[in-house]
Amino acid sequence: MRAAVLHEIGQDKLEVLDDVEAVGFGPGKVRIRVRATGLCHSDLSAMSGVLPQPAPFVPGHEGAGEILEVGEGVGHLKAGDRVVVCWLPACGACPACKRGQTELCLAGFMNAGTPNFKRPGGDVFGFAGTGTFTEEVVVDAGCAVPIPDDVPFDIAALIGCGVTTGLGAALNTADLEAGSSVAVIGCGGVGISVIQGSRLRGAAEIVAVDPIASRRECALRFGATRAVSPDELPDAKQQVTAGEGFDYVFEVVGKSATARTAYDTTRRGGTLVVVGAGAMDDFLQLNMFELFFDEKRVLPSMYGGGDVLRSYERTIALWRAGRVDLAGLITHRVPFADVNEALDQMRTGTALRTCIEM
């Protein structure tokens with residue numbers, strides 16, 4: 001079967017091969033025919049080494065498809081079921097799951113060290129224990145979440161990561177109050193989803209911050225009340241908040257420099273939500289006095305900061321009701337053979353989300 005493989009960390013191109021085999025099928029597993037997959041910035045971060053991932057590997061963790069086969073002991077799924085791939089499944093038994101913090105379950109991360117594929121040259125891993133840049137993938141049954149028949153595969157793929165992460169940051173982690181002032185730094189697919197979540201919660205002012213003009217224009221269409229470049233953020237802070245700072249600031253880039261800017265842009269007593277996934281050697285510096293004196297809440301948001309399955313259901317309900325625009329997030333579509341074109345679209349900021357059609 002075909003799969004897009006990164007041979008070594010640091011390479012910027014994938015090779016589409018036709019000699020890859022999905023492995024690991026057995027009890028508790030399912031085999032999925034991938035029908036659509038989105039490209040998330042985390043895939044690029046894994047390719048560059050910002051996020052830890054053994055190589056060679058198949059990128060992709062934002063996918064949807066249909067079940068081809070179920071292993072022994074899998075009773076809630078059957079061949080033909082439509083599913084979204086969940087890269088962070090909850091085991092239901094660990095301390096985090098028992099506390100209701102299923103987004104902190106480490107079971108999915110344990111899968112990342114086990115190869116999902118093989119080819120004549122040896123084992124191939126799947127990013128985040130999945131790997132959806134492929135025609136078929138074998139995953140734990142918990143990674144396959146059933147979706148209703150009326151949800152298209154491309155929409156379902158987005159729900160698998162970017163939309164859940166962005167909406168959840170506003171609705172779950174921040175628990176944003178109506179009438180608030182908001183700044184969102186980084187307006188790709190996740191940042192736009194943060195903007196939509198802030199709009200749903202009744203934010204009075206939503207300032208989108210991004211260096212790319214096309215993304216700023218998109219942010220306005222999705223609910224931002226104004227959109228500025230990073231250099232214009234201090235003026236926006238002055239105009240919107242009289243210099244005090246925003247009630248909520250979302251950092252959706254994953255870099256210490258933008259996180260520091262976000263902290264400085266948050267009002268005293270306000271909330272900074274860190275959504276971007278950054279590198280382990282990139283340190284955010286805050287002094288102990290400002291932490292004490294400013295009393296700003298610094299809240300990391302992992303995968304939307306809430307129960308993943310409930311978040312999926314909520315997103316589908318909001319999409320059906322026309323309260324969130326998911327189709328509009330897909331600004332580009334490419335066939336699987338042109339996957340490297342999708343990478344270029346993400347790197348240049350041309351695309352919010354590119355749907356790779358399998």
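The model is predicted, so to speak of local features pLDDT has to be at least 70, side-chain atom pairs count only at pLDDT 80 or more, and totals for chains, interfaces and linings use all residues. Residues are numbered from 1 along each chain as its sequence is written, and side-chain values use heavy atoms, with hydrogens and water left out.

**The sheet**
- Six strands line up as β14-β13-β12-β15-β16-β17 in an open sheet with parallel pairing; strands here are DSSP E runs of at least two residues, helices are H or I runs of at least four, and both are numbered from the N terminus.
- Two strands count as paired if DSSP finds at least two bridges between them.
- At the edges sit β14 (226-228) and β17 (297-300), each pairing on one side only.
- From one strand to the next, the twist averages 20°, with axes fitted to C-alpha atoms and angles running from 0 to 180 degrees between N-to-C directions.
- Strands β15 (residues 246-251) and β16 (residues 266-274) run parallel and are joined by five bridges.
- E251 has V274 in β16 as its bridge partner.

**Helix α8**
- Helix α8 (residues 233-241) buries L233, A236, K237 and T241; buried is under 20% relative accessible area, exposed over 50%, and partly exposed in between (1.4 Å probe, protein chains only).
- These residues span an arc of only 105° around the axis, so they lie on the same side of α8; the arc is taken from the directions from the helix axis to the C-beta atoms.
- On the face turned away from that buried side, α8 carries the exposed P234 and Q239.
- The buried residues of α8 pack against β12 (181-185), β13 (205-209), β14, β15 and α9 (256-265), where contact means heavy atoms within 4.5 Å.
- Just after α8, A242 has a positive phi of about 55°.
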